[in-house]
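Please read the following points with the sequence and the model open beside you. They are meant for someone who is meeting this structure for the first time.

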Amino acid sequence: MPLLEVNHLSVSFHTRHGVVKAVNNISFSLEPGQTLGIVGESGSGKSVCCYALLGLLPSPPARIDSGSALFSDTNLLNCSESELRLIRGNKIAMIFQDPMTSLNPFMRIGEQMIEPLMYHRKISHRDARAHAIALLEEVGIRNPTYTIDSYPHEFSGGMRQRVMIAMALIAEPQLLIADEPTTALDVTVQRQILELINELRRKHNLAVIFISHDLGVIADIADQVLVMKAGYKVEQGSVHSLFTNPSDGYTKQLLAAIPRGSKSVPDRSTDSTLLQVQNLTTRFKLYDRGQRNEFIAVDNVGFSLYRGEVLGLVGESGSGKSTLGRSLLNLIPPSSGSIVFDGDQIVGKNSNQMKPWRRRMQMIFQDPYASLNPRMTIYDTLAEPLILHGLASKQSVEMQVLKLMDDVGLARAYIRKYPHEFSGGQRQRIAIGRAIATKPEFVIADEPVSALDVTIQKQILELLLFLVERHNLSMLFISHDLAVVRFLCDRIMVMQHGRIVETAATETMWSSPHHDYTRKLLSSTASPLILNQ
Amino acid sequence: MMSREFTQYYEQGTSLWQDAWIRLRKNRLAVIGGMLLIIITLLCLLAPVVSPYGYEQQDLVLGAAKPSLHHWLGTDVFGRDLFTRILYGGRISLMVGMIATLVALIIGVTWGAIAGYAGGRIDALMMRFVDIVYALPFMIFVVLLMVVFGRNLLLLFIVIGGVEWLTMARIVRSQVQGLKQLEFIEAAVSLGLSNWNIIRRHLIPNAIGPVIVYTTLTIPSVMLLEAFISFLGLGIQPPQSSWGSLIADGVDTMEEFPWLLIFPGLMLSLSLFALNFLGDGLRDALDVRTSKD
């Protein structure tokens, strides 16, 4: 008998703009010890589906229109709020993308665990503490006897997610719902968390619902997969059949959107060097409890970039890759070293002296929601660099803006619209348009696709590739995602703790990585099910 | 400049301002507040047309008369028409409210934006200056200035504006500090925009929402301040009147002629209510969190 059986679930949101059907006629069932992966892009209703089961949707505007959800003979959808409260955190536990939102920052981890332990298991404080330590040990927290008295902020993101999982286990739940639990984590950490969830599932015979936008993650962890799009079920089946033999067009499209393969690299031996970086170091001053300290974000980095080349920069969060990118553009002035751009030294120039170079070096940012001024139309955003650098006369500005929009694949009719009226992918196109407006020779792209859905991600990557070839751009492409880098880049640099640990041509690195860290990164990235397609 | 032949094909976007305007119009209290303000302002501006009496025209025979058909709100002890005096007083009160707030707005926004964007030592210096002025006991400051320079309407604007900008500067500074972290500011730097253009084109337009709200809430507090100063006898000189000075006079004769206190008080309260409702409505309309539903 299945542990959870959801039948014909439909949920709608009633807003003043009308009724939105968020979930339409979704059915699935789940056995103990099984993992169901729910995959879909943002707005597909994958989270709404699970939140509805637990009565966690704000109502109004949300309304459950029809369906049933049998959880060991109880219909969750008919339960009162107080009955649901007994089930939530007791028989069904949840973990979220950002563990910090569910941990109280003012309470030690221990206190946050001991109280519910005493309540759920009716044990003394001392036993509860011992139990909490055992749980922390089980989820892989080192030295739990000491760390149990730490505050949440003293843990790294991955460790915090482990703590969350330990807390989810307190009541010995039968079902664990994990909503994008690894999305905010680095690839190597993500791998560890996935392994942990798998191990706990086997050991406790847990049923797991794993919600993710990432097919690679789903391929690794799920037994059954449900693919959703715009509230509808697209496809449902075992993970193997879905990945090897997808039946629906949308699933195929999702699978095809995963960047794979590499681009053919032309011979660069005759090309000239555009950018030459030597001994570049960027330090930050820190004040820690009155003590002056220094943090070296970029440590003695050197590399060169040829004209027309796309150089990948890979590393985990905190490795200094974004700081390196900003130092190259003098947005964060480097502390020492040299950056020679087309024969001219950049380091040490003030903002006035930088202006002629600003035209030639541009940047594309990660978050398309933060990188555009919400009060400016597309026209204003794209015209600003043209006018600033005297690249267009008053009469020709509009024509040039329209051409730019053609270049990045935006319909001309949108020229008077504002950023908030666009999707993430379209916004990123605007941001790319702004970066190439001044016809720069060098562009830094800092994680430009990591905030986007996979199908959009693919379109943006193809746009970048197109622009690189068309305008003979040199690009430094910063990313944490090795598959994306492999798709786009000629060479790859791997960065760790502020240092470049390995530089090699893409395929060389892929087939024979030298550095230990590169090997670890590679093994965390590739899911065999996807690679063997 | 957009050339004509293209323009007709473009879809017109709705800016955040237009969105806010649509939301504001749906807020009944705010709309009523706004209408009321417009009516009051028009009445005050058109005082000579609306009322047949002059504000200093006395009728000593009549003395303090109760409201009647000839004098809708009655007359004061000198037989001056109260309705007329309230309208003329409103001119002063509203003008003090607007101009002093404008002064506060200009100084506060510029000061706060520069401090917030510059950061570091400049920020520390500028904000410590704000703290010092904050710490001065305001009333002593006003009384001193009034005693030294005499009673003067212009001085009143400067004094009130010079106090109210402090909070404005703090609000703008914290807004700018938050905005400064966003990538579009970095993008503007990497385009090579000058600091002043970044502040003018990118920071201030995005920080202005809370400022507008605070402005609508500053106007009533400025009007109250003026009323208070006039009540103390330091503000407006007779025969000119403001709502504050009318209330002050009304208090003296409260027991015999209560309407001399009630009507100016009612007028002041009504305007303050209207401004506060409008301010609340603006706050809700401009709040980004509500714009996402």
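**Notes on the two chains**

1. In chain B, residues 24 or more positions apart account for 72% of the contacts with a separation of 6 or more, where contact means heavy atoms within 4.5 Å. This is a predicted model, in which local features need pLDDT of at least 70 and side-chain atom pairs count only at pLDDT 80 or more, while totals for chains, interfaces and linings use all residues. Residues are numbered from 1 along each chain as its sequence is written, chains are lettered from A and ligands numbered from 1 in the order in which they are written, and side-chain values use heavy atoms, with hydrogens and water left out.

2. Chain B has 13 helices and zero strands, these elements being DSSP runs numbered from the N terminus (H or I of at least four residues for helices, E of at least two for strands). Of its 293 residues, 47% count as buried; buried means under 20% relative accessible area, exposed means over 50%, and partly exposed lies in between, with a 1.4 Å probe and protein chains only. Chain B exposes about 15,000 Å², of which carbon and sulfur atoms supply 68%, with areas taken from the Shrake-Rupley method and a 1.4 Å probe, and with only the protein chains shown counting as cover for residues.

3. Within chain B, helix 6 (residues 120-135) and helix 8 (residues 153-180) pack at an angle of about 150°, and their axes are 10 Å apart. That angle makes helix 6 of chain B roughly antiparallel to helix 8 of chain B, given that angles over 145 degrees count as roughly antiparallel, under 35 as roughly parallel, 65 to 115 as roughly perpendicular and the rest as oblique. The axes are lines fitted to C-alpha atoms, for helices over the stretch in contact, and the angles run from 0 to 180 degrees between N-to-C directions.

4. The crossing of helix 6 of chain B with helix 8 of chain B is left-handed, a term used if the near helix is turned anticlockwise from the far one by less than a right angle, with right-handed used if clockwise. Residues of helix 6 of chain B that take part include M127(B), F129(B) and V130(B), and those of helix 8 of chain B include W165(B), L166(B) and R170(B). By class, this contact of helix 6 with helix 8 in chain B has seven nonpolar, two polar and four charged residues; Ala, Val, Leu, Ile, Met, Phe, Trp, Tyr, Cys and Pro count as nonpolar, Asp, Glu, Lys and Arg as charged, and the others, Gly among them, as polar.

5. L452(A) sits in the loop between strand 17 (442-446) and helix 16 (454-471) of chain A. Is L452(A) buried or exposed? At 8% relative accessibility, L452(A) counts as buried. Leaving aside neighbours within four places in sequence, the contacts of L452(A) are P368(A), G424(A), G425(A), Q428(A), Q457(A) and I460(A).

6. Two loop residues of chain A deserve a look at their backbone. Most residues other than glycine have a negative phi. K122(A), although not a glycine, has a positive phi of about 55°, and its place is in the loop between helix 3 (109-121) and helix 4 (125-138) of chain A; at 68% relative accessibility, K122(A) counts as exposed. N330(A), also not a glycine, has a positive phi of about 65° and lies in the loop between helix 11 (321-328) and strand 14 (336-341) of chain A, but N330(A) is buried, with a relative accessible area of 11%.

7. Helix 3 of chain A and helix 4 of chain A pack at an angle of about 115°, with their axes 8 Å apart, and their crossing is right-handed.
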